[in-house]
Amino acid sequence: MYPGGPEGGTIRPVKPMRHALICLLILVMLPAIALGVGIRTPDGTVEVSTQGDLLDVVAVLRLTGAEVHFAPAAGSFIATLGEHELQFTPGGALAVADGRLLSLPGQLRQISGAVYAPLASVAALAAPLGWSLTGPPSAPVLAKTTTRERLVVTVVRAEGTVMVVVSGTARRPRVVSGTGSVTLQFTVPIELAAALPTADELRGAEVSDDAITLRLAPDQEVASSYPLEDPPRFVVRLQKAQTVAPVAQQPRGPVVVLDPGHGGDDLGAQSADGAAEKDITLAVARAIAARLQAAGITARLTRERDEHVALEQRTAVANRLQAVAFVSIHVNASPARSARGAETYYMSTDASDAQAAQSAARENAGAGQDTVQLILWDLAYVANLNSSARLAKAIQERLNALQGIKDRGVRQAPFVVLTGATMPAALVELGFISNPDEAARLRAADTQDQLAAILAEAIGEFVRAPAGQATTPVAVAP
Ligand SMILES: [Zn+2]
């Protein structure tokens with residue numbers, strides 16, 4: 001036998017020309033084909049499609065055992081695993097994890113019908129589900145988070161206030177205030193690294209899989225809570241329970257808290273002839289409260305007289321009363337003397353426009369150094385955004401009708417006084433005191449009563465709306 005094969009046929013060499021063409025075709029097609037990467041999981045290595053450095057988000061999340069589906073009405077994906085729920089929208093860099101807004105390190109991109117994101121973003125999405133995604137983009141490792149974050153709880157006293165400081169994790173918990181307790185709900189398993197310190201203000205703590213509940217002394221309540229950095233800590237500031245002015249009847253049914261802006265040394269905005277915002281807001285808030293009470297809705301004020309009340313204490317009152325709505329009442333000012341009209345806001349980290357940003361900057365002036373942290377922290381209350389928007393809309397529509405304005409909408413801005421509210425919350429600027437005509441009207445008793453009447457009507461409508469409407473699904477803030 002001689003070389004040539006058992007069949008005795010001749011060897012047909014690949015034609016050099018055709019070979020070159022095939023190579024060229026592969027090279028040209030390479031970038032267009034979705035390639036893949038092997039992700040190491042507890043069940044072995046699984047191929048997931050990639051676009052450059054971007055990973056197929058849904059495919060990775062499904063590897064955790066999560067159920068992922070697209071909700072066309074919300075325009076977003078919803079992943080559920082155990083008790084955890086994750087919502088994310090293609091094109092955005094935000095997600096909502098267990099009711100908390102989550103900022104992603106990179107954008108979620110929609111490419112040929114699938115959602116792709118950098119490994120860091122996919123890892124941030126997997127974390128609230130209890131999974132970690134680590135390693136180089138060429139060889140990622142997906143593993144169940146088994147290590148518990150070891151928390152250290154300390155009690156710090158400063159400037160007459162008591163702060164419970166939780167360190168050992170960079171994660172921000174969701175804060176749920178109860179009667180005589182506060183629960184810090186984490187998205188990962190936790191444990192206490194050391195025994196709870198003894199303090200008069202703390203009666204103990206219960207640790208569950210991913211939450212810690214602090215039992216407070218009967219005279220204590222949560223004033224505010226916020227994260228700090230370097231090292232990461234989470235602070236729950238306590239205060240002596242505020243005495244709330246008595247009302248004619250025992251609170252039965254829904255409670256609404258009205259917040260007359262400013263007070264005491266803090267005059268708020270002032271008109272050219274010396275009218276102060278703090279007096280107008282108190283007069284209008286009192287009138288709204290009287291109308292709500294007459295309509296059978298319990299209304300409380302954050303201040304009953306001309307006194308200073310810290311911004312963060314104002315929502316603490318509402319939280320403690322488990323109010324169904326919080327409405328902060330203000331009067332606007334602008335360097336432009338022609339600026340006029342009422343505006344209603346609800347909380348957002350971003351101002352919807354320049355005027356909204358200006359109003360927020362002015363109203364936040366009374367806030368302390370924790371302002372920025374507070375604003376960041378308010379993202380946790382994204383769950384109330386839709387209800388807050390509905391409350392603000394009910395108010396603004398009536399204000400528009402009163403003033404014969406058709407198109408003024410509800411605005412969003414980062415108001416410190418709305419941070420920490422655990423219920424739907426809105427802020428109303430009744431008008432511009434910097435505008436001489438409006439200043440005169442805002443001081444007039446009949447205008448104040450007119451404004452109070454429509455605000456009471458709007459709040460009443462909101463409170464009486466069917467509960468199903470009050471809990472519309474969470475939307476990611478624009
Ligand atoms: Zn104000």
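This is a predicted model: local features need pLDDT of at least 70, side-chain atom pairs count only at pLDDT 80 or more; totals for chains, interfaces and linings use all residues.

Tutor: The largest nonpolar core has 79 residues, and the members that touch the most others are V256, L258, I288, A325, A426 and I459. Residues come from both domain 2 (149–240) and domain 3 (255–470), so this core lies between the two domains. Take I459 as a way in: leaving out residues up to four places away in sequence, I459 touches V256, L292, A325 and V327. Another core lies apart from that one, with 33 residues, including V37, A59, Y116 and A123.

Four strands make an open sheet, ordered β15-β16-β19-β18, with antiparallel pairing. At the edges sit β15 (174–178) and β18 (202–207), each pairing on one side only. Ignoring direction, neighbouring strands here are turned by 15 degrees against each other on average. Five bridges join β16 (residues 181–185) to β19 (residues 211–216), and V182 stands opposite L214 in β19.

Mean pLDDT for the chain is 79, with 78% of the residues at 70 or more. Helix α2 (residues 57–63) has the highest confidence, at a mean of 96, while helix α7 (residues 371–378) has the lowest, at 39. Two stretches stay under 50: residues 1–14, with two contacts beyond four places in sequence, and residues 27–32, with zero such contacts.

Conventions. Residues are numbered from 1 along each chain as its sequence is written. A nonpolar core is a set of buried Ala, Val, Leu, Ile, Met, Phe, Trp, Tyr and Cys residues joined through C-beta atoms within 7 Å. A residue is buried if 20 or more other C-beta atoms lie within 10 Å of its own, exposed if 12 or fewer, and partly exposed in between; C-beta atoms are placed from the backbone. Domain bounds come from an automatic or database domain assignment. Two residues are in contact if their C-beta atoms, placed from the backbone, lie within 7 Å. pLDDT is the predictor's confidence in each residue, from 0 to 100. Helices (H or I, at least four residues) and strands (E, at least two) are DSSP runs, numbered from the N terminus. Two strands pair if DSSP finds at least two bridges between them. Axes are lines fitted to C-alpha atoms, for helices over the stretch in contact, and angles run from 0 to 180 degrees between N-to-C directions.
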